[in-house]
Amino acid sequence: MCDKGSMAQYTRVSGFVGLITLQNPPVNALSAAVRQGIVDMVERALSDPIVKSVVICGQNGNFCGGADIKEFGTNMSGPPLVPMIDAIEAANKPVVAAIEGSALGGGLELALGCHYRIAHSKARLGLPEVTLGLLPAAGGTQRLSRLIGVPAALNLITTGIHVTAAQALQLGIVDQVTDHNAVEVAVTFSLSVAGQSMDARRISTYPCPLPSDFDALFEGVMQKVRQSARGAIAPVACVQAVRAAATLPYTKGMEREQELMATLFTSGQARAQQYCFFAQRAVGRWRMPSGARWETSKPMPVHKAAVIGLGTMGRGITVALAQTGLSVVAVETQEKQLMEAKQAVSGMLERGAKRHGVAPMLDRISYSQNIQAVAEVDLVIEAVFEDMALKTEVFQQLSAVCKPGTLLCTNTSALDVDKLASEMPNPELVVGMHFFAPAHVMKLLEVVYGPRSSPQAVATAMQLGKKMGKVSVAVGNCRGFVGNRMLMPYLQQAFFLLEEGATPELVDRALEEFGFPMGVFRMSDLSGLDIGWRVRKRDELVEPDMASGQSARIRQGSRYSPLGDLLCEQGRFGQKTGQGWYRYDKPGSRVARSDPWLHSFLVEYRARHGLVPRSIDHQEVLERCLYALINEGFRILEDGIAAGPEDIDVIYVFGYGWPRHRGGPMFYASMVGLAKILERLEHYQQAHPDVPYLQPSSLLRRLVASDSPPIHRWREVIKKYQSQL
Ligand SMILES: CC/C=C\CC(=O)SCCNC(=O)CCNC(=O)[C@H](O)C(C)(C)COP(=O)(O)OP(=O)(O)OC[C@H]1O[C@@H](n2cnc3c(N)ncnc32)[C@H](O)[C@@H]1OP(=O)(O)O
């Protein structure tokens, strides 16, 4: 017996078991049609006198990826989840969830409404709603807290982590884990409990186990959550909902869960986080201005890779490559550095393996001082010092040594990938792979292509990035690529604000309250002020003799602030020297303290340059720094360096600490309103006509003139704009 065509299929198996299979590929999300199917099929199974028990599973070995996120923000139709799950729990025949693949969000909540849960050993379970700016509002906060206790429920719900089947068993989320076919095991099991009362299996009737230190626990968790949430409201609402489970009867707790969800659901934060979810997936569908794209570009097989240069970046890249299971040749020409790197890489691999309970991949790596060792690899990532002449020399050696067809990747954060490629006999095999430090931890990878890079080379780098667990974004070649290029106006505005009367503390506080983990000055101290200084010297911007006067603040016809250079001249390189924009207890310390010296220095500097300090508020800091950065984002879109706003937003959320609940800079701009951004840029440009970064981009003007379409329609305007250039 079977009802085909519905998004939940009904079959009678083993004579007496109603098997309901969710059918909504690829993740069996609970769309309106799936919910309707479940309601109908459960009713059918329960009313069929032959059926003794029911099993719910998902098609293609995947239980359920939760509510259909695409339906959020639309006029949701179809049966709601809560009464559907309540009806399953109230059933007088045993209902067993057979969990294969994932049971996430509404999928796990559906399983929690079942009387038993049997999981395949490879299944993963979780309530990730918090990552979408929501909470598990189909009874998840109320049932999970009753089932596994408040501390464990708080951990799962406020972080959104996925747990393995073994962990779920240990926590008490599932009743059984099997290496066999979970559906068959569930069918047999369901028959073994058929006819029994299910009263003791209805989680909503359980009392919530209360920890003895109840108030202290919630206070502690709330404090921690508020700190790490950086202004996101969903994690706080999750704590409040679990607290309701611990203090209220089930029905009242459910009311509270719904109330909290209603606030979250209509918040801009949920929209921003759901945008991020889809943007993260959209960047995998890359395309180049030439028309080459992900579907039609086949990656080359990579079995063996090499890393050249084992400084901080090279070591991280080696670890990340080895963790994918690839064979890696790690090359460093200096013996001492090679030995140190070997020790450091082994340590990182061992610590990582211990955390994940697996064996470290030490034997995947061979170390060498000789570049000849890379002769047989399929792909090389060069990570030597950021110097064009040095990189060119290394690339020339590589093209002489490597087998034909080897992909040559440069890990550079700013150098010209095209220029490097143009020096090679096979420029089509050269791409940039811009990793972020620490390279084995940070999720972002910018894959930089030039006009000569072959689509196959881009596809290979993108696929390798994915294997390394990175969120890879394909971008065009230009100064700073996407991320660092947008950082330039942001940093510049921060310096100008200091000249005009702000302090590093004020600027940082405004940015941290916005949601960045660190303000611009604390971040500069952490990365090292000397890095930017070196770049500015290379660009011939640093002029040490011009200590005062108007000309000291003009370079190449535009306003320039030498503040960073002056600090570096004093040897103030940030945390590593114990002094930068802040002071530190000792070199290497992490706690930034206000520095009276710096404040006096700023006072003297302004006086020397005839600058009259004025009062600057948080709003101005945000508008100046963020709108200048966003403006550059529009220029990047104009230039075709990024294919769409999602690429920029993913880069900023995953690589630059942009708060996810604000969706990335371009999404944020769309929320603020493009007309408002344009108006503020025009305002600041009038006040600072010598700052080209404040000149509104043509694309921004064009979008405003086109009635500021929603972000998903920007690409149409961009395409039209580019075709008219
Ligand atoms: C009252 C409210 C009650 C409940 C609220 C919720 O349930 S909110 C939803 C909670 N669920 C999640 O957050 C899970 C989201 N999905 C994932 O984490 C992963 O997709 C998953 C299931 C682990 C599978 O990962 P995998 O890497 O295999 O695939 P990928 O992520 O690329 O997804 C494949 C395509 O499916 C789309 N998709 C995934 N989940 C959903 C979903 N819940 N709703 C709608 N669409 C979903 C995803 O966008 C991919 O689409 P594509 O067009 O191919 O890019």
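## Overall architecture

The protein chain of this predicted model contains 28 helices and 19 strands. Along the principal axes, its C-alpha atoms occupy a box of roughly 95 × 60 × 55 Å. The radius of gyration of the protein chain is 29 Å, which agrees with the value near 27 Å that a compact globule of 725 residues would have.

Of the 725 residues in the protein chain, 47% are buried.

## Surroundings of the ligand

The ligand has 22 residues around it, and those that come nearest are Gly65, Gly66, Ala67, Gly105 and Gly106. By residue class, the shell around the ligand comprises 13 nonpolar, 5 polar and 4 charged residues.

Two elements, strand E5 (102–104) and helix H11 (268–282), each contribute at least two residues to this shell.

Helix H18 spans residues 504–514, and its buried residues are Pro504, Val507, Asp508, Ala510 and Leu511. Because these residues cover an arc of only 160 degrees around the axis, they lie on the same side of H18.

The packing partners of the buried residues of H18 are helix H17 (483–500), helix H19 (520–527) and helix H23 (618–638). After H18 comes glycine 515, with a positive phi near 130 degrees.

Technical notes
Residues are numbered from 1 along each chain as its sequence is written. This is a predicted model: local features need pLDDT of at least 70, side-chain atom pairs count only at pLDDT 80 or more; totals for chains, interfaces and linings use all residues. A residue is near a molecule or strand if its C-beta atom, placed from the backbone, lies within 6 Å of it. Helices (H or I, at least four residues) and strands (E, at least two) are DSSP runs, numbered from the N terminus. Ala, Val, Leu, Ile, Met, Phe, Trp, Tyr, Cys and Pro count as nonpolar, Asp, Glu, Lys and Arg as charged, and the others, Gly among them, as polar. The radius of gyration is taken over C-alpha atoms; the globule rule is 2.2 Å times the number of residues to the power 0.38. A residue is buried if 20 or more other C-beta atoms lie within 10 Å of its own, exposed if 12 or fewer, and partly exposed in between; C-beta atoms are placed from the backbone. The arc is that of the directions from the helix axis to the C-beta atoms. Two residues are in contact if their C-beta atoms, placed from the backbone, lie within 7 Å.
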